[in-house]
Amino acid sequence: MSVRLRRGGGIAALDRGRSLAALLRLLALTVAACAGARASAPLPIREANWLVASQRLHLLTTRPEECLPEDPPDIVSLVYGTVAFRDPMLLGGQAARAGLSCMSCHRGGRGNPGFHFPRLSGAPGTADVTSSLMSSHRGDGIANPKRIPDLTFDVPKISRVDEHGLEAFIRGLIVEEFDGEPPSPVILKGLASYVRALDPSHCPSRQDQPYGLANALADYFLALGAAETALVDNDPDTAIAMLRGARSILGGIDARFQGRGLEEQRSALKEAGLALAQIQQQLREGGDLTGPVDAVHRRWIATRRWADPLIRSERQSLYNPEKLKAALAG
């Protein structure tokens, strides 16, 4: 299997018909995990703030396999949804400020047994979907947290085959449950494609898999490729959303590289994020898309320059379970 960059063919980072699951496996550069922040320093990983202490180490170093098909009918829409599912800015409001994304509650499309957000959760693994903390629309002033459902194995709330019901349900969650901006039709379709594609038959095992820098880089490459795809398809709005997702992933990587001696790596991550922000601004200003297409493509090529040093120093970072364990103990 190969993943090819095709300029002008409507796809930037992947061929239509390729398996998203296979693409993620291919992009995940197999490397060992690592961490180097001082245990006495505040832990910079935001997810740690809403995970029950007894499960933090496991949940921060693993993730369930996403049960996605080998041959999805519309891989482009599925990729857009996969990137948006990971992006905290999709939800807006308090969720975005806290760094909460759809993935925060539904790890790999599943549930999250250790989710324990202040004033939102009751027992670990629950959330109050009518909390005034997150929503000015659905807040009812009553603490009634419910178990976070597993989108892959649990019975879905809205039929996955319903042509419009799932899209309307997801839009309501974003706009009313989290006070987010209405997603574009393309992003909404992508999110529905992601949820519909989740199927236990695609990965019958419920065991968590190790999660490290390789996985984060795979997500970043996916988002960057999705941005180029959108630009080649003359869709700047979706490209902006995909670049936003890519920047969010860079922020997550940066949080794991806060230790002493990792200054150069953090500087490279900051430079990459600023470059993506400049492309976003250029797209918001309108005009010809040739420049942004070339700029995104150059960022893809340039990634190797800053990714290789990160991979080499991963054992010094908080991707290293032993380093992370020490930091959590501190």
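## Packing of α8 against α11

In this predicted model, helices α8 and α11 are roughly antiparallel to each other, because their axes cross at roughly 170 degrees, and an angle over 145 degrees counts as roughly antiparallel. The two axes come within 9 Å.

On the side of α8, the contact is formed by L213, L217, Y220, F221, L224, G225, A227, E228, L231 and V232, while α11 contributes P292, V293, V296, H297, R299, W300, T303, W306, A307, L310 and I311. Sorted by class, the residues in the contact of α8 with α11 are 16 nonpolar, 3 polar and 2 charged.

## Aromatic residues

The structure holds 7 aromatic pairs. Y220 and W306 form an aromatic pair with an edge-to-face geometry, in which the centres are 5.4 Å apart and the planes are at 70 degrees. This pair links distant parts of the chain, since Y220 belongs to helix α8 and W306 to helix α11, 86 residues apart.

## Helix α9 and its surroundings

Helix α9 comprises 20 residues, 236–255, and reaches 29 Å from its first C-alpha to its last, close to the 28 Å expected at 1.5 Å a residue. Its buried residues are T238, A239, I240, A241, M242, L243, G245, A246, I249, L250, I253 and A255.

The elements that cover these buried residues of α9 include α8 (213–232) and α11 (290–312), together with α3 (75–85), α7 (185–197) and α10 (263–284).

Note on methods: Residues numbered from 1 in each chain as written. Predicted model: local features only at pLDDT ≥ 70, side-chain atom pairs only at ≥ 80, totals over all residues. Heavy atoms only, no water. Helix = DSSP H or I, 4+ residues; strand = E, 2+ residues; numbered from the N terminus. Expected span 1.5 Å × (residues − 1). Buried < 20%, exposed > 50% of the residue type's maximum accessible area, 1.4 Å probe, protein only. Contact = heavy atoms within 4.5 Å. Axes fitted to C-alpha atoms, helices over the stretch in contact; angles between N-to-C directions. Parallel < 35°, antiparallel > 145°, perpendicular 65-115°, else oblique. Nonpolar A, V, L, I, M, F, W, Y, C, P; charged D, E, K, R; others polar. Phe/Tyr/Trp six-rings, centres within 6.5 Å; stacked < 30°, edge-to-face > 60°.
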